[in-house]
Amino acid sequence: MKIKVLYFARLREVFGVESEELELPGERAYAAAVIDMLRKRGGAWSEELALDAGYRMAVNQTLAGLVTPVQDGYEVAIFPPVTGG
Amino acid sequence: MKIQVQESDFDPGAEIAALHAGQPKVGAVASFVGLVRDLNDGESVTSLTLEHYPAMTEKSLREIVDQAMGRWSLLDVSLIHRVGELKPLDRIVFVGVASMHRGEAFAACEFIMDYLKTLAPFWKKEGTPGSERWVEAHASDETAAERWKK
């Protein structure tokens, strides 16, 4: 399956990428599989996406967690805790 | 209900007036305006850039306002949040709530801001003389949002 991944704010800058397409094995997975795949890139990816790193996630524009399901065509966004208002 | 994300400024007086114009049931309007300060964490701030997640922002704000409307008996709500580059003295956010009595308006206004602070996908980057830094989320904002769950 193919999903779209978006990055925002400080994480967009640290990773040096705004968005990308990721190919994952299988028809469906948990969001955790996306994070695992990205973490394997090492460096900033493994640091910023560590379990206790404090990043947030949205799946299809709704706040999500590691056990949120993802499937082909879904949009996953990864970002720091929000600071609006 | 009005929910807007925009680069341009807004007129708080006009927004408040619109919340009760021609609506004799409205007995109270509570409002909040968030502004850019020129000092944060001991450093002077010269600019504030607000980034957001366009596909998610309005949806997220609408969910927060819907929750407030489900919780209190409200007659109308306006929520405006600016994005892009702002400067000290600029307005960032407007929340206005109209209800029959003040208690609901006050509570819902604070609830909407507390939830917006922790759930809506906005990020602030501050410009200080000579550098830039992303604003860190405050634990106190999480605490403020948590108290509504009790």
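Modeller: A definition to start with: two residues count as in contact, or touching, when their C-beta atoms, placed from the backbone, lie within 7 Å. This is a predicted model, in which local features need pLDDT of at least 70 and side-chain atom pairs count only at pLDDT 80 or more, while totals for chains, interfaces and linings use all residues. Residues are numbered from 1 along each chain as its sequence is written, and chains are lettered from A and ligands numbered from 1 in the order in which they are written.

Biologist: Thanks! Which elements give two or more residues to the side of chain A that touches chain B?

Modeller: Between the chains, 14 residues of chain A are in contact with 22 residues of chain B. Elements here are DSSP runs numbered from the N terminus: helices are H or I of at least four residues, and strands are E of at least two. On the chain A side, the elements giving two or more residues are α1 (9-15) and β7 (75-79).

Biologist: How do the residues on that side of chain A divide into nonpolar, polar and charged?

Modeller: Ala, Val, Leu, Ile, Met, Phe, Trp, Tyr, Cys and Pro count as nonpolar, Asp, Glu, Lys and Arg as charged, and the others, Gly among them, as polar. With those classes, the side of chain A that touches chain B has 9 nonpolar, 4 polar and 1 charged.

Biologist: How do the axes of α3(B) and α4(B) lie: roughly parallel, roughly antiparallel, roughly perpendicular or oblique?

Modeller: Axes are lines fitted to C-alpha atoms, for helices over the stretch in contact, and angles run from 0 to 180 degrees between N-to-C directions. The axes of α3(B) and helix α4 (residues 139-146) of chain B come within 8 Å and cross at roughly 130°. That angle is why α3(B) and α4(B) are classed as oblique, since under 35 degrees is roughly parallel, over 145 roughly antiparallel, 65 to 115 roughly perpendicular and the rest oblique. The class is therefore oblique.

Biologist: How many nonpolar, polar and charged residues make the contact of α3(B) with α4(B)?

Modeller: B:D114, B:Y115, B:K117 and B:T118 in α3(B) meet B:D141, B:E142, B:A144 and B:A145 in α4(B). By class, that contact has 3 nonpolar, 1 polar and 4 charged.

Biologist: And how do the residues divide where α2(B) meets α3(B)?

Modeller: The axes of helix α2 (residues 54-71) of chain B and α3(B) come within 10 Å and cross at roughly 150°. B:S60, B:L61, B:I64, B:V65 and B:A68 of α2(B) make the contact with B:A108, B:F111, B:I112, B:Y115, B:L116 and B:L119 of α3(B). By class, this contact has 10 nonpolar, 1 polar and no charged.

Biologist: Is B:L89 buried or exposed?

Modeller: B:L89 sits in the loop between β7 (84-86) and β8 (91-99) of chain B, and its phi is near 85°, a positive value in a residue other than glycine. Not counting residues up to four places away in sequence, B:L89 touches B:L35 and B:V36. Because B:L89 has 9 other C-beta atoms within 10 Å, it is exposed.

Biologist: What is the phi of A:N60, about?

Modeller: A:N60 is in the loop between β4 (56-59) and β5 (62-64) of chain A. With 15 other C-beta atoms within 10 Å, A:N60 is partly exposed. Although A:N60 is not a glycine, its phi is positive, at about 50°.

Notes. A residue is buried if 20 or more other C-beta atoms lie within 10 Å of its own, exposed if 12 or fewer, and partly exposed in between; C-beta atoms are placed from the backbone.
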